[in-house]
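Q: I'm new to this one and would like to go through it slowly. Could you show it to me before we start?

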Amino acid sequence: MRGARGAGPTGPVGPVGPGGPGGPGGGGVNLLALRSHNAALVLDLLRAAGDEGISRLELAERTGLTPQAVSKITARLREDGLAAEAGRRASTGGKPRTVLRLVPEAGHAVGVHLDRDEVRAVLVDLRGTVVGERRAALDLGAGAEAVLGAVRETVAGAGGDGDAPRQGPARPGPARPDPTLLGIGVALPGPLDHARGVLHRVTGFPEWDGFPLRDALAERLGVPVVVDKDTNAAALGLAAGGQGGSFAYLHLGTGLGAGLVIGGRVHRGARTGAGEFGHQVIQLDGPPCTCGNRGCVEALCLGAVERGDLREAARVLGAGAANLVGLLDIDVVLLGGRTVAAAPETFTDGVGAVLEAWAGRTGQDAVPVRVAAGGGGAVAAGAAELVLGPVFGRGGG
């Protein structure tokens, strides 16, 4: 029987209508169809089956539900437009079985990557396929009003205002939510409180400390919003995309952080503060860091990048990665972020060399190092999974 999975701290995200989050008059997905854990299990299997679909008998076998229960659930999903017939499949006996598939366009989510100098928004369907995208320059230190406005415009430009996805500038005027839009996931540098959607002292931007970003964006955009760290979002997206086992996603861009997946779930810690990888001190009395400490991995790594010494940056990153491997005994280290994307082999080779040396000293097998899938859009796509996860019984990681 398939193991039960929790809905995470945010719970299932309801449909969006003209009346606001979960308000009356909204088309799209019926919230009642998503409140059932069993329905979420069925939806997850439909998603995994792709266009080939899956039969009701197979759904019953994989979920442990009775065929009668599966028939009721799939009938409701079909009525709500979430599932459709995908033809018939020959059986070992009796009449051919009807197979069902997920209708990906029945629901959408927006993922937003709010970086220190850029905002990127993607519109994805229920399968997580990107169907619209927009990027824009941003100054995270420009103040809340300017940043919230930039997020709103970028979301609209990605197609999250109910119009067809666009690459060009968004039109002025109030946002008009897509009736199939389930919500918006926003990922940005931490630390922050994922459960409450409140920012802490974002490194380099102390003015954001205590700001209720989730509620402020939900009020402005008129849709449910989930907020998490950029590294957690990317790690969640990688896990949803098929990356198995326990792994660390190390993101090197305007800052340095880690997303940790342990036993198939994102590890956020007791106060949702896990993954502040960049602020481990590896050089006592080293160069000052924007966090107020000295000798942090982030300060050393970004300093080497600024000098143009990417090999040294990779070596420093490897030292931090070796600490993680020794502490958590993870299966693989995945690298991402714009700095890694600019010289992927330099970073995989450099980090890999440090991990191989560490393994040689401990007598263990070296942990493999790879560039994470998804490229520059990995964080934004992962942010969308913060919304989609609960729909499919996977929670927000």
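Q: Let's begin with helix H8: which residues are buried there?
A: In H8, the buried residues are Val-297, Glu-298, Ala-299, Leu-300, Cys-301, Gly-303 and Ala-304. The helix, which runs over residues 297-306, is mostly covered, since seven of its 10 residues are buried. One thing to keep in mind from here on is that this is a predicted model.

Q: What covers the buried residues of H8?
A: The cover includes strand E13 (247-252), strand E14 and helix H9 (310-328).

Q: And what follows H8?
A: Gly-308 follows the helix, and its phi is positive, near 85°.

Q: You mentioned E14. Where is Ile-262 found?
A: Ile-262 is found in strand E14, which covers residues 256-262.

Q: Is Ile-262 buried, exposed or partly exposed?
A: Ile-262 has a relative accessibility of 37%, so it counts as partly exposed.

Q: Let's step back to the whole protein. How many helices and strands are there?
A: The secondary structure comes to 12 helices and 17 strands. Of the 397 residues in the protein, 53% are buried. The accessible surface comes to about 16600 Å², and carbon and sulfur atoms account for 51% of that surface.

Q: What about contacts between residues that are at least 6 apart in sequence?
A: Among those contacts, 61% join residues that are at least 24 apart.

Q: What is the average pLDDT?
A: The protein averages a pLDDT of 85, and 85% of the residues score at least 70. Over residues 1-34, however, the pLDDT is below 50, although this stretch has 87 contacts in the model beyond near neighbours in sequence. Residues 162-176 also have a pLDDT under 50, and for them the model has 34 contacts beyond four places in sequence.

Q: How should the predicted coordinates be read where pLDDT is low?
A: Where pLDDT is low, the predicted coordinates should not be read in detail.

Q: Noted. Moving on to helix H3, which residues are buried in it?
A: In H3, which spans residues 56-63, Glu-58, Leu-59, Ala-60 and Thr-63 are buried. These buried residues pack against helix H2 (37-49), strand E3 (54-55), helix H4 (67-79) and strand E4 (83-89). Just after the helix, Gly-64 takes a positive phi of about 80°.

Q: What does the side chain of Glu-58 meet in a salt bridge?
A: The partner is the side chain of Arg-89, with a distance of 2.8 Å from N to O. Glu-58 lies in helix H3 and Arg-89 in strand E4, so the pair ties together parts that are 31 residues apart in sequence.

Q: Are those two partners buried or partly exposed?
A: Glu-58 is buried, with a relative accessible area of 18%, whereas Arg-89 counts as partly exposed at 29% relative accessibility.

Q: How many salt bridges does the count come to?
A: The count comes to 17 salt bridges. One of them joins the side chains of Asp-193 and Arg-196 at 2.9 Å, N to O. Asp-193 is buried, with a relative accessible area of 13%, while Arg-196 counts as partly exposed at 47% relative accessibility.

Q: What about Arg-214 and Asp-215?
A: The side chains of Arg-214 and Asp-215 meet in a salt bridge at 3.3 Å, N to O. Arg-214 counts as partly exposed at 22% relative accessibility, and Asp-215 is partly exposed as well, with a relative accessible area of 44%.

Q: Which residues do salt bridges that share partners join into one network?
A: Asp-44, Arg-47, Glu-385 and Arg-394 are joined into one network in that way.

Q: Last topic: where is Thr-180 found?
A: Thr-180 is found in the loop between helix H5 (144-160) and strand E9 (181-188). Despite its place in a loop, Thr-180 is buried, with a relative accessible area of 16%.

Q: Which side chain does a polar contact join to that of Thr-180?
A: A polar contact of 2.7 Å joins the side chain of Thr-180 to that of His-108.

Terms used: Residues are numbered from 1 along each chain as its sequence is written. Side-chain values use heavy atoms; hydrogens and water are left out. Buried means under 20% relative accessible area, exposed over 50%, partly exposed in between (1.4 Å probe, protein chains only). Helices (H or I, at least four residues) and strands (E, at least two) are DSSP runs, numbered from the N terminus. Contact means heavy atoms within 4.5 Å. Accessible areas come from the Shrake-Rupley method with a 1.4 Å probe; for residues, only the protein chains shown count as cover. pLDDT is the predictor's confidence in each residue, from 0 to 100. A salt bridge is a side-chain nitrogen of Lys or Arg within 4 Å of a carboxyl oxygen of Asp or Glu. A polar contact is a pair of N or O atoms within 3.5 Å; within protein, one must be able to donate a hydrogen and the other to accept it, and residues adjacent in sequence count only if both atoms are side-chain atoms.
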